[in-house]
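Please go through the following model with me, one question at a time.

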Amino acid sequence: MSERIFIIGLPRTGTTSVCHAFLQLGFSCAHTAYTKQCFNQAQVIADTPIFNDYEYLDSLYPGAKFIYLEREADKWLPSIRQLLLRMHTNLMRADGGFNPHIKRCYLHTFGRFSVDKLHSDAYLQQCYEQHKSAAHNYFAKRTADFLSIDIAHPNSFNQLCDFLQLQTELTEFEKMNIGGKVTAWNAIKHPLKVASTANGKIDKYLYPSS
């Protein structure tokens, strides 16, 4: 299977678990992508900048598949709040902080949020619902190209395999990054794992045609 697969759910919806599953299924995979080389090498890419740039990627990669990850509010809200609180200072800094691709994607999706806003469930839930609604509306008439799953649901792995017409002895997603941790991907050693950067360096322009 040569087509690209893009995981377009928001951070803290199970992107690491899904990427790990794709490695086990035999796909080259990157969890975040910040170089053109990464986009050229990886069959599957998740997280930043994918959750923000899926419409452009749809035009760039004809035939690509898009997988949206949902998560129940009572699980997602505390997890994304913890992540964004950690990221807040470096996201809002004008003199450095995170790389520009991270800043662009997070600020577009979550706005220039204050710490006070992060303590509002309503604010974070609105960000989630806006992103989910936009993605579902964009792919509304393209069921062959788009799948939406919650990996906490028992049948979600089978749904993924049916969507991609895959046969495997695997039966479920392995739960990773439990308890607020975000480093599980770094610890994975696999020959099909694609580096997100070039030895820590990023490209100013990410996509092969840019």
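Helices (H or I, at least four residues) and strands (E, at least two) are DSSP runs, numbered from the N terminus. The model is predicted, so local features need pLDDT of at least 70 and side-chain atom pairs count only at pLDDT 80 or more, while totals for chains, interfaces and linings use all residues. Residues are numbered from 1 along each chain as its sequence is written, and side-chain values use heavy atoms, with hydrogens and water left out.

Q: In which loop is Pro 49 placed?
A: The peptide bond that runs from Thr 48 to Pro 49 is cis, its omega being near 0°. Most peptide bonds, by contrast, are trans. As for its place, Pro 49 belongs to the loop between β3 and α3.

Q: Is Arg 12 buried or exposed?
A: Arg 12 sits in the loop between β1 and α1, and its phi is near 70°, a positive value in a residue other than glycine. Buried means under 20% relative accessible area, exposed over 50% and partly exposed in between, with a 1.4 Å probe and protein chains only. Because its relative accessibility is 12%, Arg 12 counts as buried.

Q: How many disulfides does the model have?
A: A disulfide is a pair of cysteine sulfur atoms within 2.5 Å. The sulfur of Cys 29 has its closest cysteine sulfur in Cys 19, at 3.6 Å, which is too far for a bond. Cys 127 is in no disulfide either, since the nearest cysteine sulfur, that of Cys 105, is 14 Å away. By this rule the number of disulfides is zero.

Q: Which side chain of opposite charge is nearest to Arg 4?
A: Lys and Arg count as positive and Asp and Glu as negative, whereas His and the chain ends are not counted; a salt bridge is a side-chain nitrogen of Lys or Arg within 4 Å of a carboxyl oxygen of Asp or Glu. Arg 4, in the segment before β1, is buried yet has no salt bridge. Its side chain instead reaches backbone oxygens, that of Phe 39 at 2.8 Å and that of Ala 42 at 3.1 Å, where a polar contact is a pair of N or O atoms within 3.5 Å, one able to donate a hydrogen and the other to accept it within protein, and residues adjacent in sequence count only if both atoms are side-chain atoms. The nearest side chain of opposite charge, 8.7 Å away, is that of Glu 3.

Q: What is the N to O distance in the salt bridge of Arg 142 and Asp 58?
A: Arg 142 lies in the loop between α7 and β5 (146–149), 84 residues from Asp 58 in helix α3. Arg 142 is partly exposed, with a relative accessible area of 26%, whereas Asp 58 is buried, at 12%. Their side chains meet in a salt bridge with an N to O distance of 2.7 Å.
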